[in-house]
Amino acid sequence: MPLVNSSGLTQRRLLQSIVEMARGVYGAAAASVFLLNQETGDLVFEAVAGEGEGWLPGTTFPAGTGIAGWTVMCGQSLLIDDVATNPQFARDAAESTGYLPQSIMAAPLFRNDGECIGVLEILDRDSRPRRDQDDLESLGLLATGTAEVLALLVRLRSLESTHDDRDGADAGGMPVLQRVADRLPAASEQVRATVTRLLLMADDLLADDAAGQGRPDA
């Protein structure tokens, strides 16, 4: 199921910051992160920036719904410039969110073991001249960074449960950026800067979270 425990607030802050940065990168109407509920298979809106951010977090859709559901099942990124012509688009589900997009980009979030745990989605990127393949690669880089941040949270929780110090988590955290950049060397400087920011932010928030766990009144 989606990651919810003593570090749930940290996760929500991280994911909200990620979707806000992703929305800014593409000048989009909205950006969102879905995570899979492992018990039911439902897709859960975990964070939203832009259209729907005031009411969509926590909303669920059945497994396989729409573009996000297809992305999870197939494990592939997808860019659709006109959703009305795409058979994977679930118009009724989109209308239920209060916003009907024209275009969607989606990228899967993978754990280190290759299992897809969710989707990063961009709705209606702006009209600047673009190369679709570059945008898909950039979105893939952001999705990889997002999944790595979630992995950092999992490691922190493991350390909490075993009462180890944070050295192991920190040692595996910041080299993430280099691994991500190596996978997509053509990524734009803007996207590289965004991933750098989210990883540094993750490190700061995780440090705050760990400090809170160590306080007597925590």
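Predicted model: local features only at pLDDT ≥ 70, side-chain atom pairs only at ≥ 80, totals over all residues.
On one side, β6 is joined to β1 by six bridges, and the two strands run antiparallel. Within β6, the residue opposite A31 is I122. Strand β5, which spans residues 104-110, is also antiparallel to β6, and seven bridges join the two. Two positions illustrate this second pairing: P108 stands opposite V119 of β6, and F110 has C116 of β6 as its bridge partner. The strands β5 and β6 form a hairpin with five residues between them, and there G114 takes a positive phi near 90°.

These pairings belong to a wider arrangement. Six strands make up an open sheet in the order β3-β2-β1-β6-β5-β4, with antiparallel pairing. The edges of this sheet are β3 and β4 (78-80), each of which pairs on one side only. Strands of a sheet pair through backbone hydrogen bonds, either parallel or antiparallel. In the chain as a whole, the secondary structure comes to seven helices and six strands. Followed along the sequence, these elements give the pattern α-β-β-β-α-β-α-β-β-α-α-α-α. The chain has 218 residues, of which 50% count as buried.

The largest nonpolar core of the model contains 28 residues, and those touching the most other members are L15, Y26, V33, L109, L120, I122 and L139. At least two residues of this core come from each of α1 (8-26), β1, β2, β5, β6 and α4 (132-162). The greatest contribution is that of α4, with eight residues. I122, one of the residues with the most contacts to other core members, is also the β6 residue that stands opposite A31.

In one of them, the ring centres of F34 and F45 lie 4.2 Å apart and the planes meet at 40°, so the pair is classed as tilted. F34 belongs to strand β1 and F45 to strand β2, so this pair ties together parts that are 11 residues apart in sequence. F34 and F45 are both buried. In the other pair, the rings of F45 and F61 have centres 5.9 Å apart and planes at 70°, so the geometry is edge-to-face. Here too, distant parts of the chain are linked, with F45 in strand β2 and F61 in strand β3 (residues 60-61), 16 residues apart. F61 is buried, as is F45. Taken together, the ring pairs link F34, F45 and F61 into a cluster.

The largest cavity has a volume of about 310 Å³. Its lining consists of 25 residues, and the closest to the cavity centre are F34, F45, A94, T97 and E121. Two of these, F34 and F45, are the partners of the tilted ring pair. Two or more lining residues come from each of β1 (30-36), β2 (43-50), α2 (66-74), α3 (91-96) and β6 (116-123). The element that gives the most to this lining is β1, with four residues. By residue class, the lining of the largest cavity divides into 18 nonpolar, five polar and two charged residues.

V83 is placed in the loop between β4 and α3. Is V83 buried or exposed? With a relative accessibility of 3%, V83 counts as buried, the cut-off for this class being under 20%. V83 and S103 are 20 residues apart in sequence, and their C-alpha atoms are 5.7 Å apart in space.

Technical notes: Residues numbered from 1 in each chain as written. Heavy atoms only, no water. 1 Å grid on protein atoms, 1.4 Å probe; cavity = no way out; pocket = protein on both sides within 12 Å on 5 of 7 lines; lining within 4 Å. Points joined across faces, edges and corners; volume = space filled by probe spheres on them. Nonpolar A, V, L, I, M, F, W, Y, C, P; charged D, E, K, R; others polar. Phe/Tyr/Trp six-rings, centres within 6.5 Å; stacked < 30°, edge-to-face > 60°. Buried < 20%, exposed > 50% of the residue type's maximum accessible area, 1.4 Å probe, protein only. Pairing = 2+ DSSP bridges. Core = buried A, V, L, I, M, F, W, Y, C linked by side-chain atoms within 4.5 Å.
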